[in-house]
Amino acid sequence: MESPRQRNALRTIMDEHEQLSMVIHGMLHFVRLIDKGDKAPGLMVFRAMLYYIREYPEHVHHPKEDQYLFKLLRERTNELDDTLVELEFQHTLGESLVRELEHVLARYELEGSPVFPMFRDLVEKYATFYFSHMRLEEEVVLPAAKRLLTPENWAVVDAAFAGNLDPFSGANLKDDLEQLFLLIVNIIPAPTSLRPAI
């Protein structure tokens, strides 16, 4: 039976995945509007989406998964070793893809439509990659965590995911990131399904 702490930590992880899904769908919507020749919001909106992804999953969400959830799962079992190695590799790959997106966006801003296909394709690649990454966590790692982690383990995981602190300044990032998230979702309409086939 799940403890309240366990439910809180899992709910936080799932909520963060849902928010990230909405931002990634915003990125897809953005490039698909341009691809159809429709009017899209200014590129500053896309930059805001990339900033959100760089600051939230890359600097807050993924390090917590690696340092707390994955570490404690390794202490409880070796049945997930290959999956956890793959997920940690994907965390690194995700950072690399975000850097590529930033570079191709800059090229698109400077060079215009000849670069758009590269920009669009990289957004599609990133979305496919990230939805697959979250699915692996949700379908394999989180069910295993429910089964294997102790209440003491969950207390550690819950505490880690409870606060979004900047590790360098100790400042709380939650309010700033929530404001940025609201700006993004108010500009780009939310999809009817968060994880449709791409």
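Me: Among contacts in the chain between residues at least 6 apart in sequence, what share joins residues at least 24 apart?

Reply: Happy to start there. In this predicted model, 79% of those contacts link residues at least 24 apart in sequence.

Me: What makes up the secondary structure of the chain, and in what order do the elements run?

Reply: The chain has 7 helices and 0 strands. Read from the N terminus, the order is α-α-α-α-α-α-α. Of the 198 residues, 45% are buried.

Me: How do you know whether α4 and α5 are roughly parallel or roughly antiparallel?

Reply: Look at the angle. The axes of α4 (residues 81-111) and α5 (residues 116-148) come within 10 Å of each other and cross at roughly 160 degrees. Angles over 145 degrees count as roughly antiparallel, and therefore α4 is roughly antiparallel to α5. The crossing in which α4 passes α5 is left-handed. Sorted by class, this contact holds 19 nonpolar, 5 polar and 5 charged residues.

Me: What makes the pairing of α2 with α4 roughly parallel or roughly antiparallel?

Reply: Helices α2 and α4 pack at about 165 degrees, and their axes are 11 Å apart. The cut-off for roughly antiparallel is over 145 degrees, so α2 is roughly antiparallel to α4. Here too the crossing is left-handed.

Me: Which residues of α2 and α4 meet?

Reply: From α2 come L43, F46, R47, L50, I53 and R54, and they meet E95, V98, R99, L101, E102, L105, A106, Y108 and E109 of α4. By class that is 9 nonpolar and 6 charged residues, with no polar ones.

Me: At what angle do α3 and α5 cross, and how would you class that angle?

Reply: The axes of α3 (residues 57-76) and α5 come within 11 Å and cross at roughly 35 degrees. Roughly parallel is kept for angles under 35 degrees, and a value of roughly 35 degrees sits at that limit. The handedness is clear, though: α3 and α5 make a left-handed crossing. Among the residues in the contact are H61, L69, F70 and R76 of α3, and Y126, H133, L142 and A145 of α5. The class count is 11 nonpolar, 3 polar and 4 charged residues.

Me: What makes R76 buried, partly exposed or exposed?

Reply: R76 is also found in α3. At 44% relative accessible area, R76 falls between the 20% and 50% cut-offs, and therefore R76 is partly exposed. Beyond residues up to four places away, R76 touches L148, L149, T150 and N153. Its C-alpha atom is separated by 9.3 Å from that of A145, a residue 69 places away along the chain.

Me: Which residues have the most contacts inside the largest nonpolar core?

Reply: That core has 31 residues, and M27, F46, F119, V123 and Y126 have the most contacts inside it. Helices α1 (4-36), α2 (43-55), α4 and α5 each supply at least two of the core residues. The largest share, 10 residues, comes from α5. As for V123, residues up to four places away in sequence aside, V123 touches M27, L28, V31, F46 and L101. A second, separate core has 20 residues, including A9, L10, L84 and L142.

Definitions and conventions. Residues are numbered from 1 along each chain as its sequence is written. This is a predicted model: local features need pLDDT of at least 70, side-chain atom pairs count only at pLDDT 80 or more; totals for chains, interfaces and linings use all residues. Side-chain values use heavy atoms; hydrogens and water are left out. Axes are lines fitted to C-alpha atoms, for helices over the stretch in contact, and angles run from 0 to 180 degrees between N-to-C directions. Helices (H or I, at least four residues) and strands (E, at least two) are DSSP runs, numbered from the N terminus. Angles under 35 degrees count as roughly parallel, over 145 as roughly antiparallel, 65 to 115 as roughly perpendicular and the rest as oblique. A crossing is left-handed if the near helix is turned anticlockwise from the far one by less than a right angle, and right-handed if clockwise. Ala, Val, Leu, Ile, Met, Phe, Trp, Tyr, Cys and Pro count as nonpolar, Asp, Glu, Lys and Arg as charged, and the others, Gly among them, as polar. A nonpolar core is a set of buried Ala, Val, Leu, Ile, Met, Phe, Trp, Tyr and Cys residues joined through side-chain atoms within 4.5 Å. Buried means under 20% relative accessible area, exposed over 50%, partly exposed in between (1.4 Å probe, protein chains only). Contact means heavy atoms within 4.5 Å.
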